[in-house]
Amino acid sequence: MEEQQSLWQFMEQQSDKLWQQTITHVGLTFTALLIAVLIGLPLGIAIARKQKFAAPVLGFAGVLQTIPSIALLGFLIPLLGIGALPAITALFLYALLPIIRNTYTGIKEVDAAVVDAAKGIGMTSGQILLKVQMPLAMPVILAGIRTATVISVGVATLAAYIAAGGLGEFIFGGIALNNTNMILAGAIPAALLAILFDFLLSLVQRMQLRKMHRVVVILPIIFIVLSSFYVFSATDKSLLAGFTPEFMGREDGYLGLKSKYHLNIRNVVISDAIMYKAEFEKKLDVISGYSTDGRLKAYGLVTLKDDKAIFPPYYAAPLVRKEILERYPELVSVLNLLAGKINDSIMTELNYRVDYLKQLPEKTALDFLLEKGLYKKPRNGQEGIVRLGSKIFGEQYILINIYKMLIEGYTNLRAETKTGLGGTKICFDALVNDQIDLYPEYTGTGLLVILQPAKQKVAELIGNRDSVYQYVKKEFADKYNLTWLLPIGFNNAYALMMRKGQAHQLNIKTISDLKRYTDRE
Amino acid sequence: MIEVQQLTKMYQDTVAVSNVSFSVKEGQTMVLLGTSGSGKTTTLRMLNRLTEPTSGSIFIDGKNILSQPPEVLRRSIGYVLQGYGLFPHYTVAQNIAIVPKLLKWPKEKIRKRVDELLYKLQLPPHEYRHVYPATLSGGQKQRVGLARALATDPPILLMDEPFGALDMLTKLAVRKEFKELDALKKKTIILVTHDVHEAFELGDKIGLMDKGKMQQLASPPELLFRPANNFVQAFFKHHLFELEWQSISLKNIWNDLPEVGTEMYATLSSSQTLWEAMEEVANNNTAVYAFDEETKSGRNITFEHLKSAIQKQKQQP
């Protein structure tokens with residue numbers, strides 16, 4: 001009951017945003033559908049008449065359908081940038097197959113005797129198409145448009161990834177922030193839209209046969225009206241920021257930028273998978289990245305200094321089960337070999353090798369240890385097993401490979417890796433439940449995601465890296481019997497980033513500089 | 001008058017129709033008979049250019065059919081096909097009105113013509129005009145299909161297995177109706193069927209086809225009594241007795257029958273077949289008489305007379 005109420009409150013409170021997202025959603029969907037019908041219908045008719053083109057055209061549309069939506073959006077960015085255009089293009093490509101295929105099938109399935117009769121009594125092929133084949137195929141064609149509509153309403157949520165808006169903003173923001181109300185505020189209207197449009201089209205479909213000529217008039221009008229909801233935003237020369245859905249909703253993210261820096265910048269919501277590329281392609285000017293991300297180096301970006309300290313420190317350190325340290329005390333000194341050895345720029349470089357140059361994490365780890373003179377040959381010891389876990393991104397893969405080599409080179413223990421554990425929650429639960437013995441964790445995550453202390457406590461701690469570390473170390477030991485070993489050195493925190501050249505040209509080094517610049521604009 | 005000369009249709013290497021020639025006089029009904037794959041339907045479809053021949057030519061009233069666009073040709077020829085090919089999204093009236101509409105008849109004229117045809121085919125217009133084909137019975141659909149072909153009163157009708165989709169009983173009834181329909185009496189009809197009885201009942205002339213070739217083109221009695229080759233003979237073997245008795249009318253043997261006075265009570269007419277006469281004789285204990293309108297003469301009918309008439313037909317060279 002309480003849950004429902006608060007969802008309703010959330011939706012009321014965010015009603016402006018919700019309306020705007022819904023309208024954008026509907027607009028994107030129907031603009032794409034309109035284009036898909038305008039192109040798919042004639043194409044379907046054409047291949048029904050020229051049989052030899054049917055297989056290649058349907059095959060091509062089928063291949064388009066199998067491209068994962070995020071990947072398709074990724075392909076489209078270099079060509080079309082970010083925003084409505086690539087989103088509509090992607091939706092259009094997905095809507096194409098059901099429309100072409102159903103038009104083709106619908107026409108092909110018209111009773112051959114009827115078509116033969118039409119021909120035999122003297123109708124021209126144009127008359128046969130318009131008066132016999134199309135009206136009789138219409139229920140099947142409409143079923144295709146219905147399918148395309150439902151697919152499009154669903155896929156349109158992904159438009160939020162490339163700054164085209166829509167209900168995906170709430171959905172992905174909610175997922176990132178683990179905010180159920182926010183997810184539902186996006187997901188429920190999206191589902192309702194799909195159900196509503198499906199229902200309306202089913203009514204049109206049932207009218208069929210007798211009133212088919214009316215459908216032919218009504219449907220395009222509905223589509224044009226619905227798609228006109230969406231007006232392309234006017235181009236603007238001011239700086240444009242792209243923030244991830246998670247960043248948008250966080251106190252130590254966009255909300256903090258507004259309240260602490262009073263930063264007022266034109267912004268769009270975008271997926272972090274695409275954000276760096278869009279920044280590099282100059283589709284965006286400022287993005288919310290992670291300070292040790294390899295793409296920082298690959299794309300020539302710089303981080304802006306957080307001069308008012310709104311981003312909490314995310315220093316990485318091995319988080320270990322206390323029991324394993326008691327059983328194998330030699331582990332402490334071995335794991336701490338790495339303490340202070342990797343600063344931000346080294347970590348960025350290592351991430352760059354893995355994320356961008358596609359080097360194997362094992363090789364990157366080995367090269368690093370060799371450079372630092374820390375590498376020792378494995379002893380192939382059989383005294384025990386240490387289980388190492390990692391989250392599902394490059395940096396963690398590199399770190400646990402380094403730890404594995406250190407453990408096997410400096411002790412008689414064998415290290416076993418369990419990589420690719422979905423996220424913080426999964427790693428942490430695995431550790432608490434004795435499924436793994438250690439994994440690299442970040443102090444900020446320990447504080448904000450796992451401990452979740454009162455706001456005041458967070459505010460008090462957040463500016464100082466050492467106090468955060470000391471706080472999580474003590475609390476984890478007390479509450480979970482887990483030990484934070486010494487920090488590795490780098491701070492993988494949120495950071496605002498710009499292209500080097502532009503930042504230099506505008507003389508922006510800190511977030512305050514950025515605020516002053518945008519105020520002047 | 002339809003004149004078909006050396007018509008051949010090849011599909012890649014297979015010959016569908018080979019060197020077929022025939023002519024059909026005005027008002028005649030010609031039946032193309034054969035099993036499936038015999039080339040009869042292909043021959044029919046070449047007449048309204050649904051299939052274009054590989055070689056050979058077709059003249060209708062002395063005019064080569066290639067001299068006008070196929071659509072224009074087809075609008076001037078009635079076409080009835082096996083599944084009837086009614087448009088499921090058109091009402092009965094709309095279905096019948098298709099060709100008049102294509103020919104841009106005025107609305108009122110179309111409406112009148114549709115009602116007229118519905119009356120003739122015993123589908124009361126107020127009841128059937130606005131009904132969709134899906135709700136009609138097989139026989140009714142067949143009649144609507146026929147009405148559509150007759151809408152513009154074309155002199156020629158092409159019929160591809162027009163009764164093929166009907167059940168046995170309905171088929172017999174509809175065929176009888178069809179034979180008696182005034183609207184069809186003056187038409188030149190080319191009808192394709194695989195049904196031997198249908199061919200004998202409706203055809204003035206029957207062209208028996210096999211493997212794309214015309215095996216024999218003749219009147220029904222000729223096919224039975226003077227088969228051109230073994231195939232023709234074998235084709236009718238199973239139905240021979242029945243067909244023989246059905247293919248000859250009393251009129252054909254009139255002079256071989258014993259004459260009686262005109263005051264007798266006649267239960268048969270001279271136009272009836274020997275088969276019907278035999279049924280009448282079998283069902284009557286008393287003497288059976290037949291009457292001929294034309295000569296105003298009467299004849300006595302007995303089994304013996306019928307039997308010897310058949311024998312005589314067979315012995316004719």
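These legends accompany close-up views of a predicted model.

**Figure 1. Overall make-up of chain A.** Chain A contains 25 helices and ten strands. Its length is 521 residues, and 46% of them count as buried. Among contacts in chain A between residues at least 6 apart in sequence, 80% join residues that are at least 24 apart.

**Figure 2. The contact between chain A and chain B.** Chain A contributes 15 residues to the contact and chain B contributes 16 residues. On the side of chain A that touches chain B, the elements giving two or more residues are helix H6 (112-120) and helix H7 (125-155) of chain A. The most comes from H6(A), with six residues. By residue class, this side of chain A holds ten nonpolar, three polar and two charged residues.

Figure 3. The largest nonpolar core has 215 residues. Those with the most contacts inside this core are A:Leu91, A:Ala95, A:Ile162, A:Ile270 and A:Ile402. Helix H5 (residues 84-108) of chain A supplies the largest share, 14 residues. Another core, of eleven residues, lies apart from the largest one, and B:Ile248, B:Leu250, B:Leu274 and B:Ala290 are among its members. In soluble globular proteins, nonpolar side chains tend to be buried together.

**Figure 4. Surroundings of A:Ile162.** A:Ile162 is one of the residues with the most contacts inside the largest nonpolar core. Leaving aside residues up to four places away in sequence, A:Ile162 touches A:Leu73, A:Ile77, A:Ile82, A:Gly83, A:Pro86, A:Ala87, A:Ile270, A:Ser271 and A:Ile274. One of these partners, A:Ile270, is likewise listed among the residues with the most contacts inside that core.

**Figure 5. Helix H9 of chain A.** Helix H9 of chain A covers residues 180-207, 28 residues in total. The buried residues of H9(A) are A:Met182, A:Ala185, A:Gly186, A:Pro189, A:Ala190, A:Leu193, A:Phe197 and A:Leu201.

Figure 6. A:Glu362 belongs to helix H18 (residues 361-372) of chain A. A:Glu362 counts as partly exposed because it has 15 C-beta neighbours inside 10 Å, whereas a buried residue would need 20 or more and an exposed one 12 or fewer. A:Asn401 stands 39 residues from A:Glu362 along the chain, and the C-alpha atoms of the two are separated by 5.8 Å.

Methods
Residues are numbered from 1 along each chain as its sequence is written. Chains are lettered from A and ligands numbered from 1 in the order in which they are written. This is a predicted model: local features need pLDDT of at least 70, side-chain atom pairs count only at pLDDT 80 or more; totals for chains, interfaces and linings use all residues. Two residues are in contact if their C-beta atoms, placed from the backbone, lie within 7 Å. Helices (H or I, at least four residues) and strands (E, at least two) are DSSP runs, numbered from the N terminus. Ala, Val, Leu, Ile, Met, Phe, Trp, Tyr, Cys and Pro count as nonpolar, Asp, Glu, Lys and Arg as charged, and the others, Gly among them, as polar. The expected span of a helix is 1.5 Å times one less than its number of residues. A nonpolar core is a set of buried Ala, Val, Leu, Ile, Met, Phe, Trp, Tyr and Cys residues joined through C-beta atoms within 7 Å.
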